[in-house]
Amino acid sequence: MTTNTQLASVDLVVVGGGIVGLATAYSVLSRFPNKKVVVLEKESTLGAHQTGHNSGVIHSGLYYKPGSQKAKNCLDGYNRILKFCSEFGVAHEVCGKIVVATSEDELGQLEILRQRGEQNGLVGIRRLSSSEIKEYEPHCAGIAGLLVLQTGIVDYSAMTSRLAERIANLGGQILTNQKVTEISSSTNSTILSTSTLEFSAKSVVTCGGLFSDRLAMLTEPNLDLRIVPFRGEYFELKKSAAHLVRNLIYPVPDPDFPFLGVHFTRRIDGSIECGPNAVLAFKREGYRKTDSPAMIGARFAELVNEAGGKKWVPRAPRLPAFVKDPSATSFPVKSGRVWIDTAKWSQIRRAVETHSSGLIIDRGGAPAISLPAEEFASKDSELLACDVECRIAGVEGFYLELDIPGLAGIIPIAKQESAPATSQGAR
Ligand SMILES: Cc1cc2nc3c(=O)[nH]c(=O)nc-3n(C[C@H](O)[C@H](O)[C@H](O)COP(=O)(O)OP(=O)(O)OC[C@H]3O[C@@H](n4cnc5c(N)ncnc54)[C@H](O)[C@@H]3O)c2cc1C
């Protein structure tokens, strides 16, 4: 256990300040207003992860197996969200959605959805013909559709803020910047620790989203479940194209995948999004299209270490000889430096300009950066891609040196004596 400054006794600690954690705390406090309830959130703001990064749709249980807990919770949750939003003034709209089949082989699955929706208790579900689809979405083409009236849109971040207000009004406490690192149970209570606080709680509910497995492992170390992170990417339609979508348009989902499919969504602010896809991500809470190479490398190092991996010695030293030449050109990037063999510039110029997508250009016969230094420094992913492209093309004279925390422990990058004094970012 860590050395903490205080021990507070409470009835319930909820771990995680996303929508599930806050809804849990709110629900308990609404029924038991005298209970001491604390929410602990590791970030400085609430709803910083899935809750603040989703499509903003209020689903009602079309997809789930009839009779399943998911099906019951979804419709129950739909009704509760609408009640909460109406009662506490959170902007929302029940706009309905259509699911559209574009080929004959999707018709069977569309019918299964209709039956499921009805068995799950949804009202007003209706099959649409190709021409009826156009009554709801004039710019959408399909061979058949399903109209689902019980679907809405909401800003889940706004709802999160309102839940936080209600919790505070009911006497609950929400503490941010409090990452729970230890949970241990004794006979009458559970002790939770963060780096600065310690709580003794009669009950604990963890709602840790993408870290739910790690939180569970604090008390179940042999848990055989892992979160495998996927990132969803969205496009936003230009304002001039927004009129092409009225409400929500979904494809017929492929039952082989646990995703609803890429859909068009009208957000509560009127913008139209198209997405999400599902991209395997190297980080649980990574939102950049390309997570930084240093971060990916560090995660790789972590995984190799966790798996008890051995040191790997590369066949050739990673650091090319020209880097030691005082005439080499270099530009700082985040966690490292780009090196260019100045003597070879005229030969490699075209390849470097192309593979760096114009980040590095020629100026007066010498390599130069095309962006302000600070902005250039943030292009580490793009420059890593350039490094790889140059190697594949056999272009020698371009090298990206990155300081990847933890990686040197597994892969000896280069002998220290051969590294130049300037290679750690001093120039
Ligand atoms: C791309 C995408 C689109 C989606 N679209 C929709 C949609 O349109 N409609 C819909 O209903 N659902 C949608 N979902 C699902 C929905 O977003 C999630 O089910 C929901 O947000 C989960 O909420 P949560 O509170 O469990 O998780 P999160 O919002 O991720 O919250 C978990 C919280 O726990 C905190 N935490 C983790 N570990 C600790 C710790 N050790 N100590 C303290 N705090 C910790 C995290 O910082 C985080 O704030 C979508 C999901 C994705 C990924």
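Predicted model: local features only at pLDDT ≥ 70, side-chain atom pairs only at ≥ 80, totals over all residues.

**Strands, loops and the ligand shell**

Visitor: Which strand runs parallel to β5 and is joined to it by four bridges?

Guide: Four bridges link β5 to a parallel strand that covers residues 248-251. Strands (E, at least two residues) and helices (H or I, at least four) are DSSP runs numbered from the N terminus, and two strands pair if DSSP finds at least two bridges between them.

Visitor: How many residues of β5 are buried?

Guide: A residue is buried if 20 or more other C-beta atoms, placed from the backbone, lie within 10 Å of its own, exposed if 12 or fewer, and partly exposed in between. In a regular strand the side chains alternate between the two faces of the sheet. Lys97, Val99 and Ala101 are buried on one side of β5, as are Ile98 and Val100 on the other. Of the five residues of β5, the number buried is five.

Visitor: What handedness has the unit made by β1, α1 and β2?

Guide: β1 and β2 (residues 37-40) pair in the parallel sense over four bridges, with Val39 as the bridge partner of Val14. A crossover is right-handed if, with the strands pointing away from the viewer, the path from the first strand over the helix to the second runs clockwise. The β-α-β unit of β1, α1 and β2 is right-handed.

Visitor: Which helix gives the largest share of the shell around the ligand?

Guide: A residue is near a molecule if its C-beta atom, placed from the backbone, lies within 6 Å of it. Of the 31 residues around the ligand, Gly16, Gly18, Asn54, Gly209 and Gly232 come nearest. The largest share, three residues, comes from the helix of residues 19-31, α1.

Visitor: How exposed is Ser335, buried or partly exposed?

Guide: Ser335 lies in the loop between β19 (329-333) and β20 (336-340). Its phi is near 60 degrees, a positive value in a residue other than glycine. Since 19 other C-beta atoms lie within 10 Å, Ser335 is partly exposed.

Visitor: How many other C-beta atoms lie within 10 Å of Ser357?

Guide: Ser357 is found in the loop between α8 (345-355) and β21 (360-363). Although Ser357 is not a glycine, its phi is positive, about 50 degrees. Ser357 is partly exposed, and the number of other C-beta atoms within 10 Å is 14.

Visitor: What is the omega of the cis peptide bond between Gly275 and Pro276?

Guide: Pro276 lies in the loop between β17 (272-275) and β18 (279-280). The bond joining Gly275 and Pro276 is cis, with an omega of about -10 degrees.

Notes. Residues numbered from 1 in each chain as written.
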